[in-house]
Amino acid sequence: MAMVPSPRLAFLVFISSLIFFFAGTVSAVSPDDESEDLMIRQVVPNYDDMLLNAEHHFASFKKSFQKNYATPEEDAFRLGVFKANLRRARRHQLLDPSAVHGITQFSDLTTEEFRQNYLGLKPLRLPADAQKAPILPTNDLPTDFDWRDHGAVTQVKDQGFCGSCWSFSTTGALEGANFLATGNLVSLSEQQLVDCDHECDSEEPDSCDSGCSGGLMTSAFEYTLKSGGLMREEEYPYTGTDRGTCKFDKTKVAAEVANFSVVSLDEDQIAANLVKNGPLAVGINAAFMQTYIGGVSCPYICTRRLDHGVLLVGYGSEGFSPIRLKKKPYWIIKNSWGGSWGEHGYYKICRGHNVCGVDSMVSTVAAAFISQE
Ligand SMILES: *[C@@H]1O[C@H](CO)[C@@H](O)[C@H](O)[C@H]1NC(C)=O
């Protein structure tokens with residue numbers, strides 16, 4: 001009986017040697033690179049130390065994120081999950097060396113709990129009114145672009161313990177489109193979508209937008225088009241539960257959908273649509289986001305099974321890379337897990353090869369001009 005190492009183990013060994021190889025071959029170091037190196041040594045957590053002193057790190061984790069567990073049994077269970085997530089962060093660091101992975105507000109959640117309660121994207125289907133975005137010229141796109149610099153993005157919001165990511169992606173895209181149409185940045189209501197939008201494909205009952213149990217941005221655009229629009233955040237504030245009734249008041253619409261389109265998988269087209277139409281609603285696989293702290297996420301392997309709806313707000317050409325492989329071009333993603341997650345609520349993911357499915361489900365919306373008399 002031959003002892004054959006598992007393919008997964010072999011892969012990890014391969015990746016580790018690759019990392020040592022690259023780390024070892026860099027010889028000509030400019031002062032800039034040295035300071036970058038120093039910074040990386042400080043930011044990449046020491047996982048072995050963290051695992052050795054897991055109880056201590058668990059205690060400070062509970063303090064920083066105000067976690068209180070009801071019973072000692074629960075506490076012990078969460079410590080076990082926390083340790084598993086430390087090992088997972090170490091694994092993610094190995095697979096995704098241009099980002100930093102470590103302890104986050106989700107470090108006490110199993111993958112399943114995280115997926116069930118903090119994501120919420122349903123599989124793609126296209127509503128009747130979805131169009132195909134026309135092909136745009138791509139020859140003079142800027143090398144770097146960020147809608148935050150142009151006032152089209154509201155503050156980072158927090159979906160809380162509710163699978164309503166899809167509603168935040170939808171409001172983000174319409175907030176941007178409405179800003180382009182009217183010149184006013186108005187924060188729009190996710191709760192209206194959570195309470196009132198039950199849009200679905202009649203042949204597939206599971207496909208309905210269903211509050212904290214998930215939904216889809218294109219269906220939410222369809223709902224918004226048909227219902228007349230979205231109210232302001234202040235007029236219909238977020239509660240993070242889907243047990244309320246619909247309180248939509250049509251006389252208080254703050255933004256209307258004129259039309260919405262699906263953008264092709266081509267990254268230049270995605271960039272062109274972003275620059276021309278405002279922030280885009282995109283789907284992504286969020287596996288690496290549970291442990292993400294910062295940097296450009298560019299995992300060697302990441303499934304393209306989309307489970308999270310987010311907002312694409314810009315792109316850059318040169319991202320941070322701890323082991324100084326090539327500098328990475330990246331997308332800038334606005335998330336809905338509050339401002340203390342990731343880079344002030346944002347995520348950077350590398351551009352170029354549909355990493356984690358980020359190019360697979362991209363939609364753009366146009367707002368109708370509403371005269372503000
Ligand atoms: C969508 O609506 C906008 C604003 O009314 C309009 O300029 C644009 O041509 C429309 N796009 C499509 C594809 O119909």
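## Ligand surroundings

A polar contact is a pair of N or O atoms within 3.5 Å; within protein, one atom must be able to donate a hydrogen and the other to accept it, and residues adjacent in sequence count only if both atoms are side-chain atoms. In this predicted model, local features need pLDDT of at least 70 and side-chain atom pairs count only at pLDDT 80 or more, while totals for chains, interfaces and linings use all residues. Residues are numbered from 1 along each chain as its sequence is written, and side-chain values use heavy atoms, with hydrogens and water left out.

An oxygen atom of the ligand lies 2.3 Å from an N or O atom in the side chain of Asn259. On its own the ligand has 360 Å² of accessible area (Shrake-Rupley method, 1.4 Å probe), and the protein covers 41% of this area. Around the ligand are Gln131, Ala258, Asn259 and Ala366, where a residue is near a molecule if one of its heavy atoms lies within 4 Å of it. The shell comprises 2 nonpolar, 2 polar and no charged residues. In this classing, Ala, Val, Leu, Ile, Met, Phe, Trp, Tyr, Cys and Pro are nonpolar, Asp, Glu, Lys and Arg are charged, and the others, Gly among them, are polar.

## Aromatic pairs

The structure holds 19 aromatic pairs. Rings of Phe, Tyr and Trp (its six-membered ring) pair if their centres lie within 6.5 Å; planes under 30 degrees apart are stacked, over 60 edge-to-face and the rest tilted. Phe58 and Tyr69 form a stacked pair, 6.1 Å centre to centre with 5° between the planes. Phe58 belongs to helix H4 (residues 54-64) and Tyr69 to the loop between H4 and helix H5 (72-95), so the pair ties together parts that are 11 residues apart in sequence. Helices are DSSP runs (H or I, at least four residues), numbered from the N terminus.

Phe58 is buried at 3% relative accessible area, and Tyr69 is buried at 18%; buried means under 20%, exposed over 50% and partly exposed in between (1.4 Å probe, protein chains only). Phe145 and Trp147 form an edge-to-face pair, with 5.1 Å between centres and 85° between planes. Phe145 is buried at 12%, as is Trp147 at 8%.

## Charges over rings

The charged end of Arg148 sits over the ring of Tyr346, 4.0 Å from its centre. Lys348 lies over the face of Tyr330, 5.2 Å from the ring centre. The criterion is NZ of Lys or CZ of Arg within 6 Å of the ring centre and within 35 degrees of the ring normal.

Definitions and conventions
Helix = DSSP H or I, 4+ residues; strand = E, 2+ residues; numbered from the N terminus.
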